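Reader: I have a model open and a few things to ask about it. Can we go through it piece by piece?
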Amino acid sequence: MSVAQNISTARVLVVDDDSAIRRMIVAALRHEGSSYQFFEAANGKDALDLMRGEHPDVVVLDLMMPILSGWDVLRERAHDAAIRKIPVILVSANRDPEIATAVDAGICAFLPKPFDIAALSALVRSCIPTAKA
């Protein structure tokens, strides 16, 4: 499978407790010309369930959410070999210094809210593995 085919058929999980933000991200990425398959979660627990069940190619993850936060998702991800290598893009209004540590620890990227959709689209493309396992 070529890299172009891989990116166009990638599976993207969008995780944010605000349904309007989830819909905006999905719509904007579709508008950018992608044919990604999308999954959505409103909290960290649902995100982990989808990560384990659907094995997305990249996750767009908010940090501040109910039930399990984005930080909780990252901790669980680090301890689960089945999902540990799924690339994660953090999107958050939170400017916590821990975010730099998270990026150093294997998070693909951090994009502060409010964000430019073109920047998010570029990050999603850059974080998708070039060869699906």
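Author: One term to begin with: contact, or touching, means heavy atoms within 4.5 Å. This is a predicted model, where local features need pLDDT of at least 70, side-chain atom pairs count only at pLDDT 80 or more, and totals for chains, interfaces and linings use all residues. Residues are numbered from 1 along each chain as its sequence is written, and side-chain values use heavy atoms, with hydrogens and water left out.

Reader: Ok. What does S121 touch, leaving out residues up to four places away in sequence?
Author: L29 and E32. S121 itself is in helix α6, residues 117-127. Helices here are DSSP runs of H or I with at least four residues, strands are runs of E with at least two, and both are numbered from the N terminus.

Reader: Is S121 buried or exposed?
Author: S121 is buried, at a relative accessible area of 2%. Buried means under 20% relative accessible area, exposed over 50%, and partly exposed in between, with a 1.4 Å probe and protein chains only.

Reader: Which side chain does S121 have a polar contact with?
Author: That of R125, at 2.8 Å. A polar contact is a pair of N or O atoms within 3.5 Å; within protein, one must be able to donate a hydrogen and the other to accept it, and residues adjacent in sequence count only if both atoms are side-chain atoms.

Reader: Switching to the sheet. What is the strand order?
Author: β2-β1-β3-β4-β5, an open sheet of five strands with parallel pairing. Two strands pair if DSSP finds at least two bridges between them. β2 and β5 (109-112) are at the edges with a single partner strand each, so one side of each has no neighbour in the sheet.

Reader: How many bridges join β4 to β5?
Author: Four, between β5 and β4 (residues 88-92). In β5, F110 is the bridge partner of L90.

Reader: Now α3. Which of its residues are buried?
Author: In α3 (residues 44-54), they are G44, A47, L48, L50 and M51. They sit on the same side of α3, because the arc they cover around the axis is only 165°. That arc is taken from the directions from the helix axis to the C-beta atoms.

Reader: And what covers them?
Author: The cover includes β1 (11-15), β2 (37-41), β3 (58-62) and α4 (70-78).

Reader: What about the ends of α3?
Author: At the N-terminal end, N43 is the cap, with a side-chain oxygen 3.0 Å from the backbone nitrogen of K45. Just after α3, H55 has a positive phi of about 50°.
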